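Hi,

Here is the structure I said I'd pass on.

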Amino acid sequence: MKKALLLIDIQNDFCEGGSLAVPGASEIIPITNELISKFQASGDLVVATMDWHPADHGSFASNSGGKIGELGKLEDIPQIWWPDHCVQGTPGAELHPELKKIKNIIYKGTNPKIDSYSAFFNASKDETDLNKFLRQRDVDTLYILGLATDYCVKFTVLDALDLGYQVYVVSNACRGVNLDPNDSETALEDMKKKGAKLIESASIK
Ligand code: VGL
Ligand code: ZN
C-alpha cells in the first residue's frame with residue numbers, strides 16, 4: 001500500500017493579494033515544495049486540488065445578493081457567501097507561481113449550484129475523481145496540507161477518514177480563513193477527534 005501528498009487549493013486567490021486571501025498563505029509554499037520533492041524522489045504520488053468555479057457560481061455573494069461572510073442557503077444547503085474567487089481560467093484560479101509544477105490535478109466546485117469544500121464530494125455528495133484515482137494506485141495513506149484549514153482542508157480530511165484512509169495533516173503547512181479567530185484551531189481539533197494525526201513537516205521522512 002502507498003502514500004500520497006494531497007495539496008489543497010494553493011491558488012492565487014487564496015494567497016496574499018488574492019480575492020479571498022488567507023493570512024500567511026504564502027508561508028506554506030517553501031514547506032510544500034520541500035515535501036513535493038521528497039514525495040517525488042521516493043516515487044510517491046503528489047496530487048493538487050483546484051477550486052474551479054464558473055463565474056456564475058452560487059457561493060459568490062455577487063451572485064446570491066448576500067453579504068460576504070454571512071450565512072445563507074444555496075439549493076437548501078447552508079452556505080457562506082464568498083467574494084468571487086477561483087473563477088475558471090482567471091489568474092486568481094491558477095496555482096501559486098512559486099509552487100513546484102504538479103501533474104495530477106483534481107478540480108472541484110465546478111457546478112454553479114453546489115459548493116464543494118471537500119476534494120472528494122461536493123455538498124450534495126456527488127463524487128469527484130479523487131477517490132477512484134487514489135484507489136487505482138493503491139494509495140491508503142494521505143498527507144494533506146494547504147488552504148484553507150477551516151474549509152477545504154477540514155472537509156477533505158473528514159471525508160478521507162470516512163473513506164478509510166489513514167490521514168496525516170501537515171499542520172505547519174495549513175493556513176485558515178478564520179472568520180472567527182478560533183476557526184482553524186477548532187477545525188484541527190475536529191480532524192484530530194475523527195482520527196487524523198496532526199504532524200509537522202519536519203517529522204516526515
Ligand atoms: C475555500 C472558501 C470557498 C477553500 C474554497 O479552499 O478553503 N474556502 N471556497
Ligand atoms: Zn470556493
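Below is what I found on its salt bridges.

Keep in mind that this is a predicted model. It holds seven salt bridges in total, and I'll go through some of them here.

Start with K125 and D159, which form a salt bridge with their closest N and O atoms 4.0 Å apart. K125 sits in the loop between β5 (104-108) and α3 (130-136), while D159 belongs to helix α4 (residues 149-162), so this pair ties together parts that are 34 residues apart in sequence.

D190 and K154 meet through their side chains at 3.5 Å, N to O. Because D190 lies in helix α5 (residues 183-194) and K154 in helix α4, the pair ties together parts 36 residues apart in sequence. D190 counts as partly exposed at 26% relative accessibility, and K154 as buried at 17%.

Then there's D162 with K194, a salt bridge whose closest N and O atoms are 3.0 Å apart. Here too the link is between distant parts of the chain, with D162 in helix α4 and K194 in helix α5, 32 residues apart. D162 is exposed, with a relative accessible area of 56%, and K194 is partly exposed at 39%.

One last thing to look up in the viewer: D9, D51 and K108 are joined into one network by salt bridges that share partners.

Cheers

Notes:
Residues are numbered from 1 along each chain as its sequence is written. Chains are lettered from A and ligands numbered from 1 in the order in which they are written. This is a predicted model: local features need pLDDT of at least 70, side-chain atom pairs count only at pLDDT 80 or more; totals for chains, interfaces and linings use all residues. Side-chain values use heavy atoms; hydrogens and water are left out. Helices (H or I, at least four residues) and strands (E, at least two) are DSSP runs, numbered from the N terminus. Buried means under 20% relative accessible area, exposed over 50%, partly exposed in between (1.4 Å probe, protein chains only).
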